[in-house]
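This briefing goes through the structure shown here topic by topic, beginning with a helix and its surroundings and moving on to pockets, loops and the chain as a whole.

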Amino acid sequence: MSAERYLTIALCKGRLAKQTLNLFEKVGISCREINDPDTRKLIFVNEELKLRFFLAKGPDVPTYVEYGAADIGVVGKDIIIEEQRKIYEVLDLDIGKCRMCVCGPESARRLLNGQERIRVATKYPNIAKEYFYNQKNQTVEIIKLNGSIELAPIVGLSEVIVDIVETGSTLRENGLVVLEEICPLSARVTVNPVSMRMENERIMKLLRDLGACLENR
Ligand code: PRP
């Protein structure tokens, strides 16, 4: 395919985008205007390198990549597992490191013995289902929420939550603890399978540069 085609990279809005862009800058890929905090623009172009960046809500990034609207997506492993899209996961960027955990008040620990039918609030129903049904063999009721998950056990919506723990401060400040750890998480580079074939050279170079940069950190 012609070198004139733009390679499109989808990033998750928020903390992760910033860290990802820092890493990209280290391998000579910069996109200055994306760092402007006041901009409402959604797409940013690096003309020289023929790259296009856009910012999307985390769970939408694998969707853009699966449909080829983005060739590449940088997204947390949590979202990759939850969304179950047909995309290649090709590189662990070792940033945005955190853990997927079952959390709640200490008093809820005894409810995780496999016998109790408890309520589990989460933004990640697929991950929670897989963990409780297939790994723990515990029948639970899963309640999907969209944010501030820690509220659920405090106000009595659920006994426990399945959520991301990074520093642990949200849990601490709300009197909750990690009860069980499900898996470690970090940001991954994902690629559309067709793009991987059609733009193989450019994508592999980017992955090699990022990989080398990670090794030298
Ligand atoms: C995430 C997560 C926890 C918090 C964990 O929420 O859902 O609430 O961060 O981080 P910590 O261990 O460093 O305190 P996020 O800030 O993404 O917002 P949300 O509540 O809208 O999901």
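In this predicted model, the buried residues of helix α8 pack against strands β1 (7-12), β4 (72-76), β5 (88-92) and β11 (187-191), and also against helices α1 and α7 (193-198). Those buried residues are Ile 203, Leu 206, Leu 207, Leu 210, Gly 211, Cys 213 and Leu 214. Seen down the axis of α8, they fall within an arc of 160°, so they line one face of the helix.

**Helix α8**

- Helix α8 runs over residues 200-215, and its 16 residues reach 22 Å from the first C-alpha to the last, close to the 22 Å expected at 1.5 Å a residue.
- On the other side of α8, the exposed residues are Glu 201, Arg 208 and Glu 215.
- An α-helix has 3.6 residues a turn, so residues three or four places apart point the same way.

**Helix α1**

- The end C-alpha atoms of α1 are 18 Å apart, which agrees with the 16 Å that its 12 residues should span at 1.5 Å a residue.
- Leu 16, Ala 17, Thr 20, Leu 21, Leu 23 and Phe 24 are the buried residues of α1, and because they fall within an arc of 160° when seen down the axis of α1, they line one face of that helix.
- The face of α1 turned away from this buried side carries Arg 15, Lys 18 and Lys 26, which are exposed.
- The cover over the buried residues of α1 includes β1, β3 (51-56), β4 and β11, together with helix α8, and α1 is in turn among the elements against which the buried residues of α8 pack.
- Just after α1, Gly 28 takes a positive phi of about 85°.

**The largest pocket**

- The largest pocket holds about 1,100 Å³ of space and is lined by 39 residues, of which Arg 15, Asp 78, Lys 123, Tyr 124 and Ile 164 lie nearest its centre.
- Two or more lining residues come from each of α1 (15-26), α3 (77-83), β9 (160-165) and α6 (169-173), and the largest share, five residues, comes from α3.
- By residue class, the lining of the largest pocket divides into 14 nonpolar, 13 polar and 12 charged residues.
- Arg 15, one of the residues nearest the centre of the largest pocket, is also one of the exposed residues on the face of α1 turned away from its buried side.

**The second largest pocket**

- About 400 Å³ of space lies in the second largest pocket, whose lining has 15 residues, with Ile 34, Asp 36, Pro 37, Thr 39 and Leu 55 lying nearest its centre.
- Helix α1 gives the largest share of the lining of the second largest pocket, namely three residues.
- The lining of the second largest pocket comprises seven nonpolar, three polar and five charged residues.

**Positive phi outside glycine**

- Asn 137, found in the loop between α4 (125-135) and β8 (141-144), has a phi near 55°, a positive value in a residue other than glycine.
- Asn 137 counts as exposed because its relative accessibility, 60%, is over the 50% cut-off.
- Ser 148, in the loop between β8 and α5 (151-155), has a positive phi of about 45° although it is not a glycine.
- With a relative accessible area of 54%, Ser 148 is exposed.

**A buried loop residue**

- Leu 112 lies in the loop between β6 (98-104) and β7 (119-122) and, at 7% relative accessibility, counts as buried because that value is under the 20% cut-off.
- Leaving aside residues up to four places away in sequence, Leu 112 touches Val 102, Ile 118, Phe 132, Lys 136, Gln 138, Val 160, Leu 179 and Glu 180.
- Leu 112 and Asp 71 are 41 residues apart along the chain, and their C-alpha atoms are separated by 41 Å.

**The chain as a whole**

- The secondary structure of the protein chain comes to eight helices and 11 strands, and its C-alpha atoms fill a box of roughly 60 × 35 × 35 Å along the principal axes.
- Of the 217 residues in the protein chain, 47% are buried.
- Among contacts in the protein chain with a separation of 6 or more, 68% join residues 24 or more positions apart.

Definitions and conventions. Residues numbered from 1 in each chain as written. Predicted model: local features only at pLDDT ≥ 70, side-chain atom pairs only at ≥ 80, totals over all residues. Heavy atoms only, no water. 1 Å grid on protein atoms, 1.4 Å probe; cavity = no way out; pocket = protein on both sides within 12 Å on 5 of 7 lines; lining within 4 Å. Points joined across faces, edges and corners; volume = space filled by probe spheres on them. Helix = DSSP H or I, 4+ residues; strand = E, 2+ residues; numbered from the N terminus. Nonpolar A, V, L, I, M, F, W, Y, C, P; charged D, E, K, R; others polar. Expected span 1.5 Å × (residues − 1). Buried < 20%, exposed > 50% of the residue type's maximum accessible area, 1.4 Å probe, protein only. Arc of directions from axis to C-beta. Contact = heavy atoms within 4.5 Å.
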